[in-house]
Amino acid sequence: MEERKIDVAEEEKIDLFRVLSEFLRAFRRLFWLPLILAAALGALSGLRSWRSYTPMYASEVTFTIQLTDSALTDLSGMTAYYDKATAEQLSKTFPYLVQSDVMQSKLRQELGVEWINGTITARAVNNTNLFSIRVTSSDPQAAYDILNGVIEVYPSVADYVIGSTRMNLLTEPSVAQQPYNSFNPKSAVIRGAALGAAAGLLLVLAYAFTRRSVREAEDVRQLLNQTCLAALPHVTMKKRSGGKQTLSILNGKLPGSFQESVRGMRLKFLREAEKHRARVVMVTSTLPGEGKTTAAVNLALTLSRSGYRVILMDLDLRKPSVKQTLGLNIPSRGVPEVLSAGEDAAGALVAVEGTELRLLAGDRASEDPRRQIVSHRLSTMVKELRGQADYVILDTPPCGLVADGASLARLADGIIYVLRTGTAQLSHVMDSLQLLSESGTPLLGCVVNGVAGSHSGYGYGYGGDYGKYSRKKREQETT
């Protein structure tokens with residue numbers, strides 16, 4: 001039971017890490033979204049604050065109230081002091097008197113208007129005879145006139161409730177020169193910008209949840225229920241002047257982690273190939289740029305180094321790239337030319353110097369790739385080459401974009417599926433695998449490219465433009 005709790009806790013940590021990783025990747029791609037929303041909502045909030053702004057002016061007076069009481073008067077006829085009960089009564093009744101309907105009616109009569117253009121507030125200091133009246137209005141003169149009107153009519157209104165009174169002004173009312181609510185859009189802009197940034201981050205988070213994809217080798221087993229043949233480390237190769245660098249084990253400047261991963265791929269491949277008796281192996285991916293050609297080339301090279309006779313066919317008839325990946329510029333005929341000429345495929349094979357690998361690869365794309373892929377001649381060509389090698393590796397188009405994959409899968413004994421971390425959505429991958437499964441050809445396993453935490457680089461550049469199915473890249477990061 002204790003072990004089960006630990007496993008659940010570890011799974012929760014892994015899930016949390018994946019969510020955070022997806023969010024960070026999505027944020028790097030969509031960082032501009034929160035910024036734009038913050039700027040837009042901040043500007044809109046500031047504009048709304050400006051349009052709704054109305055300058056308000058206030059006039060205020062502070063005074064005391066004296067009661068007329070014949071029993072407690074001095075020579076002037078006014079009370080000289082309050083007892084506690086009287087003070088409490090005045091403090092409680094004063095605000096209500098100012099807001100009463102009687103006051104409003106008398107005030108309208110005093111001002112000669114049908115409605116009062118302002119707001120009257122009254123405040124009393126507890127247990128004292130100290131009071132204040134504040135009038136606010138959008139018109140400073142109206143606020144001043146209303147306040148004077150209140151001073152004039154208050155004694156007559158108070159006479160109904162507490163008897164005869166007299167107001168002693170401690171401050172004189174005046175016309176306000178400046179509004180008390182000066183325009184300051186800063187707080188509104190900050191609130192709008194914060195709301196926009198929060199909304200943008202929520203959208204990025206929602207996008208991250210929808211972008212569920214393979215991130216590491218373990219995901220192949222957990223999410224796809226498939227075997228992971230290799231987890232190739234990330235190698236960044238930028239385009240620079242000078243010698244052209246290739247992402248293959250022939251390049252001695254590649255990091256040892258890449259070489260070791262390719263050797264591990266060979267060992268697992270041989271085990272799966274023997275299990276399924278696979279000699280013709282198709283290598284594909286969901287989308288362009290996931291590294292399927294790199295995986296196919298390096299698998300063919302590592303097998304040939306181990307003494308196996310290997311033929312590598314470039315069957316990506318729309319965008320051949322095997323020679324480019326190997327850095328070869330020698331003239332050669334590819335599958336489209338051989339099929340069009342009706343020639344013998346064995347005569348078009350080209351040996352890769354320093355290896356036992358032979359290629360059937362060219363530089364020209366097919367004018368009618370779909371017709372050639374489903375042709376009987378291509379099937380016959382693959383059967384012919386099968387008898388001349390231990391393994392025939394087919395580099396094929398991404399099956400998530402074109403329908404060539406299912407047709408080519410029928411020519412193979414097994415399939416290797418290449419997944420670049422964080423690239424293809426899981427649902428898209430599942431759809432592509434389902435399409436391939438309809439051919440009846442078994443999936444030998446998956447190769448995961450650019451595994452997080454396996455970054456390698458050595459400063460050399462490699463420029464490529466594979467990916468024209470969807471876009472042209474200025475910089476290629478391939479593993």
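Author: Glu-218 counts as partly exposed, at 34% relative accessibility; buried means under 20% relative accessible area, exposed over 50%, and partly exposed in between, with a 1.4 Å probe and protein chains only. The model is predicted, so local features need pLDDT of at least 70 and side-chain atom pairs count only at pLDDT 80 or more, whereas totals for chains, interfaces and linings use all residues. Residues are numbered from 1 along each chain as its sequence is written, and side-chain values use heavy atoms, with hydrogens and water left out.

The side chain of Glu-218 meets that of Arg-221 in a salt bridge, with 2.1 Å from N to O. The term denotes a side-chain nitrogen of Lys or Arg within 4 Å of a carboxyl oxygen of Asp or Glu. Side chains of opposite charge can pair when their charged atoms come close. Both Glu-218 and Arg-221 belong to helix 7 (residues 217-224), where they are three residues apart, about one turn of the helix. Helices (H or I, at least four residues) and strands (E, at least two) are DSSP runs, numbered from the N terminus.

The structure holds 13 salt bridges, and two further pairs deserve attention. In one of them, Arg-370 pairs with Asp-404, their closest N and O atoms being 3.5 Å apart. This pair links distant parts of the chain, since Arg-370 lies in helix 12 (residues 369-373) and Asp-404 in helix 14 (residues 404-409), 34 residues apart. Arg-370 is partly exposed at 35% relative accessibility, whereas Asp-404, at 1%, counts as buried.

In the other, Arg-134 forms a salt bridge with Glu-60, and the closest N and O atoms are 3.6 Å apart. Arg-134 is in strand 3 (residues 130-137) and Glu-60 in strand 1 (residues 57-67), so this pair ties together parts that are 74 residues apart in sequence. Arg-134 counts as partly exposed, with 29% relative accessibility. Glu-60 also counts as partly exposed, at 39%.

Salt bridges may also be joined in a network, as with Lys-292, Asp-316 and Asp-395, which are linked in this way.
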